[in-house]
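Dear colleague,

Please find below the sequence and structure that I am handing over to you. My findings follow directly after them.

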Amino acid sequence: MSTTTSETGAPAAPARFPRETPIQYATTLLVVVLVAAPLLPVLYQSLLDGALYDHDARLTLGNFVRLAQNEGFPRILWNTFLLAGLTTVVAQLFGTLAAILFGRTDLPGARVLGELFLWPLYLSALVLSFGWYTIYGPAGYVTLFWQSLFGDAPWNLYSLGGMAVIAGVSQAPLAYLYCLSSAGMTDPTLEEAARVSGAGTFRTLWRVTLPLMMPAIAYSAVLNFTIGLELLSVPLIFGEPAGINVLTTFLFNISATSPRPDHGLAATAAALMLIVICFLVWLQGRLLGNTRRFVTLGGKATRPRPFRLGGLRWPLFAAALVYVVMTGVAPIAMLILRAFTSFLSPMIPLADVLTLDNFAALLNEPVYARAVTNSFLVSLVGAALATALIGMVALIVHRSEFRFRGPLHYVALFPRAVPGVVAGIGFFYAFALIPGIGGIRNSIWILVIAFTMRFIPAGLGAVAPMLLQVSPDLDRAARVQGADWWTTTRRIMMPLMRPALVACYTILFISFFKEYSTAIFLFAPGSEVIGTALLQTWVQGEVGVVAGLAAIQVAVIAVCITTARAIFGVKLHG
Amino acid sequence: MADLLIEGLVKRFGDVRAVDNVSIHVADGEFVTLLGPSGCGKSTTLAAVAGLDRPDEGRIIVGGKTYFDGARGTYLPPEARGCGLVFQSYALWPHMTVFDNVVFPLTLRKVNAAERKRRVAEVLALVEMERFADRYPHMLSGGQQQRVALARTLVYQPAILLLDEPLSNLDAKLRDRARVWLAELRTRLGLTTIYVTHDQIEALSLSDRIVVMNGGRIAQLGTPQDIYERPADPFVADFIGTTNFLPAKVAEPGVGTALLELGNGQRIEVAAERAQTQGARVTIAFRPEQMRVATAGEVTNGEGSVVDARVLTRSYVGGRWQVGLDLGGGPLRLETETPPAGDAVRLWLPRHGGIVFRESGHVAA
């Protein structure tokens, strides 16, 4: 090009100090501090004979001895593992059946049923528990109805079995999604080969389809077992009144939330829990070969030919419909209905009890109004901040030559191994330890910080697969043309990542909005959120207000999911 | 514009030496092609020059500016090098229009708005894409995207131009057109260019010199004529053009002319530059176009030898026949306009043109 004159080659002399360096180090430091903040104080406290903010506390191993000698503790451990185990069995059973039935057969309405099956995933187990209470609780709608016809109801939610069913139903969608995506990825010709060689539908399902799903079943089983161990809401609502304690409720009762906290014992139990969960998360990684760790990955559209159910089509449809209605739709619907009534019973005509009093109470009582506002603030602002951080982490981990990108990735994923209860206790200690930040401690920002830490892995799970789909040539092209890492990131990568960031924001918004297990250790008067208000009002026995708050949470999440799907085409799961 | 010096370049991936002691000097304005099968190290070499991959040893100097020096620990990041690289995938940014794509490097160089506009218009005209400035990449065909990618690279007048298999994503017809177009453009621009390809026709028709690479090393470096007519080893002979290999034994060595004995005892006379030793095993290579069916009554003379071969297969490939022959255990492929009638055929092999390699190289024919 002889006509153009002016400069050639590189745009400018390379900066002696590349500007990506401070950005990358600052992001890494932030993540490390976030993740370490709750963990170190818990481990430290477990070795102290007094509260860790007491200056005369001394190092000791006495807490471990006390925990081992605590007479109720073996029982608590037994209950914890039994509940987690039963929950896993229920979740895997229903999840796998649903995956085969909705994903691989010609069941009528499989798509709609599959969508309904996922409902519990979007709601917190807390809200689902309240829903079950309004229907199957001692004064529940169905329980009363049953009593009026046949006498005492044969079920009891206030038992390990009852709790396992509720928890199992709320976790079944996870097993369902993993099995479904594994079914979508296996080679359909394997099944066709079995059928061509003469195997019938059920034989093929049993001998070929199910074994092919085994890795997904095993992985989601460990995942569900882990979640079962961490579960707080169900044991708190149904276990406590019946005197059935598990590790999370034990922690809840002896730590900061109780009038006379035993910090040493709580931290030691928390540390123990941390170790068990760490092992399970490590096991998950092994089972998954460290790839495909997240459900958020989009599935393939190429679905193998569905199995013909023949004469069983309609009976199975009826069974599936009954399951979906009984476990998800009815409890939620009834909970919402309860929010609009003063009392709900099959004996009283609905028209007599319809009222808006519950919502009036919500509006008039400043505590509840504040909880709703705070929830919105924490979710809207907090999710945005968290998305920004997660986006940067993803870019550094997957799209930079940063020296510590490997360790950064590891640390960023570590919160998967930190139960919400432990994170809550840990952040409580952390903020008690560090002087001069009392302002944050009693504000909603402590929640934003804690929630961000907890959901970094979930956010990364949404961003990373989409980021990896962007060809590395696109940022390399910019680099070769003279853009440094930060310019490339801003001008090329960030615009291309927009759908991933929207998905990440949506997932974080929902997660923040329904979170309670970390929050109950951290909130103070003035920084309540819906989750903590739900538990408080439940303890006070104000079922109407509980239903009202739950209805708001359900409505907001429903709107959020619909919007994200309709406007941005966000895929929230495979 | 600048010259490019690569010295003792080494790049290891674990235990594998992907680039193994490669040295090339490309003169100012020269067009040099790195040619080889996939995995030969040609793309790794290119990435090392562009700064996308940090080599382990060696030096890369462009126009006196040291890009990389393993001994001194010098390593310029890609953005400080000022190379132009056209990717195999074109790497057009999907969220920007053609204009925005092309203007990006100028914005980075803080060129003023009027000048930016002028230069983008100029370079788009050069690649005949001026009508598409407002389109997004996904609205363009493969060939058009490739031109935009080239424009985006040319617009900032890079010190050297690096092309990574730029034609391989085009279909066969389009590729031929693009190659001719690229050849024209190359003579007009006169940029120092490194071109990476596995396509011998692109390499032969575009290059001043060709570097044939194999297993991370340079197998041969020379002009297209050198490479084609005097391949350094059986690998190069086989990789450039279809080649027939015949195992043989030196019957009568001689300077200038040697007599070789084929597997079935037939003898042929070939011109040999290097002296051969009596009884040594050699491989002789012929291009299909060098051999023909002997005319009736033609016999061995000073120009070539006539040998008997057996016909194994014949297939019509449109206008011509491909004939598979067996000549004393060595399979041959011959192209003729009329297929041989019987099972036997008399074959004429030229005295000049056949290349003798010492030791029978293991080459997949």
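The notes below cover the contact between the chains, a helix pair and a record annotation.

Please keep in mind that this is a predicted model.

Contact between the chains. Chain A contributes 24 residues to the contact, and chain B contributes 29 residues. On the side of chain A that touches chain B, α21 (472–480) and α22 (485–496) each supply at least two residues. The largest share of that side comes from α21(A), with six residues. By class, the residues of chain A that touch chain B comprise eleven nonpolar, eight polar and five charged.

A helix pair in chain A. Two packed helices are described by the angle between their axes and the distance between the axes. Helix α16 (residues 366–398) and helix α24 (residues 530–539), both of chain A, have axes that come within 8 Å and cross at roughly 150°. Angles over 145 degrees count as roughly antiparallel, and α16(A) and α24(A) are therefore roughly antiparallel to each other. From α16(A), the contact is made by A:Val367, A:Tyr368, A:Ala371, A:Val372 and A:Ser375; α24(A) brings A:Ile530, A:Thr532 and A:Ala533. This contact has six nonpolar and two polar residues, and no charged residues.

An unreviewed UniProt entry carries the annotation "domain: ABC transporter" for residues 4–240 of chain B. In the model, this span of chain B is 35% helix and 27% strand. The C-alpha atoms at the ends of residues 4–240 of chain B lie 25 Å apart.

With kind regards

Notes:
Residues are numbered from 1 along each chain as its sequence is written. Chains are lettered from A and ligands numbered from 1 in the order in which they are written. This is a predicted model: local features need pLDDT of at least 70, side-chain atom pairs count only at pLDDT 80 or more; totals for chains, interfaces and linings use all residues. Two residues are in contact if their C-beta atoms, placed from the backbone, lie within 7 Å. Helices (H or I, at least four residues) and strands (E, at least two) are DSSP runs, numbered from the N terminus. Ala, Val, Leu, Ile, Met, Phe, Trp, Tyr, Cys and Pro count as nonpolar, Asp, Glu, Lys and Arg as charged, and the others, Gly among them, as polar. Axes are lines fitted to C-alpha atoms, for helices over the stretch in contact, and angles run from 0 to 180 degrees between N-to-C directions. Angles under 35 degrees count as roughly parallel, over 145 as roughly antiparallel, 65 to 115 as roughly perpendicular and the rest as oblique. UniProt positions are given in the numbering used here, feature names are shortened, and annotations may be inferred rather than shown by experiment.
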